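Please look over the sequence and the structure before reading on.

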Amino acid sequence: STVVPISRITTCDCTSNHTWTGDSCDICPPGIVPATDCAQYLMGYIGFPNYVKCSIATNCNNNADSVTSSPDFLSCQYDCRNMWSGATCSQCDSQFDGADCNVCARGHTGYNICDLCTIADHCENHASAATPVPDPNPTSCTCTCRNHWELPDCLTCPLQFGGSDCDTCG
């Protein structure tokens, strides 16, 4: 390091000596490992030269399981909890619901995919309605079959009926 006189006080210019700070270049800031000659960052800290610890509360709206710094120490990386998403784990996509984004939204089934119950996908286009099975966290859809199509998925037309929509006597 280089001694730079300022008025009558002698201080160090720490700019060329890793990240040491202080009048005598003897302070290693939070977020830096002193044992590495103040040259290696601690995981979980970002923002040279004013290091800040990544936190689930501050960086992830309390919606993450874990948080640390990115390999380049420029940003925080995190694993959003449940189905939270977005840059700060603050987005709960429309197919999800609940205070913790941990159930399917109304009309959806099968957490953690939460597909929308549809007549085409779940009832072979032979129903007048497709709704989630009544349950706090439904895992399947129930069909209201048209004409004489049979449950559970309106796929079978009984032998005594026929026609293209199971609507005539066989």
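**Aromatic pair and a threonine site**

Tyr111 is partly exposed, with a relative accessible area of 28% (buried is under 20%, exposed over 50% and partly exposed in between, with a 1.4 Å probe and protein chains only). The model is predicted, so local features need pLDDT of at least 70 and side-chain atom pairs pLDDT 80 or more, while totals for chains, interfaces and linings use all residues. Residues are numbered from 1 along each chain as its sequence is written, and side-chain values use heavy atoms, leaving out hydrogens and water.

Aromatic pair

- The structure holds 1 aromatic pair (ring centres of Phe, Tyr or Trp, the latter by its six-membered ring, within 6.5 Å; planes under 30 degrees apart are stacked, over 60 edge-to-face, the rest tilted).
- Phe96 and Tyr111 form this edge-to-face pair, at 6.2 Å centre to centre with 80 degrees between the planes.
- Phe96 lies in strand S11 (residues 96–97) and Tyr111 in the loop between strands S13 (108–109) and S14 (115–116), so the pair ties together parts 15 residues apart in sequence (strands are DSSP runs of E, at least two residues, numbered from the N terminus).
- Phe96 is buried, at a relative accessible area of 7%.

Thr68

- Thr68 is part of strand S7 (residues 64–69) and is partly exposed, at 27% relative accessible area.
- Leaving aside residues up to four places away in sequence, Thr68 touches Met43, Gly44, Cys54, Ser75, Cys76 and Gln77 (heavy atoms within 4.5 Å).
- Met43 is 25 residues from Thr68 along the chain, and their C-alpha atoms are 6.3 Å apart.
- A polar atom of the Thr68 side chain lies 3.4 Å from the backbone nitrogen of Gly44.

How values were computed. Helices (H or I, at least four residues) and strands (E, at least two) are DSSP runs, numbered from the N terminus. A polar contact is a pair of N or O atoms within 3.5 Å; within protein, one must be able to donate a hydrogen and the other to accept it, and residues adjacent in sequence count only if both atoms are side-chain atoms.
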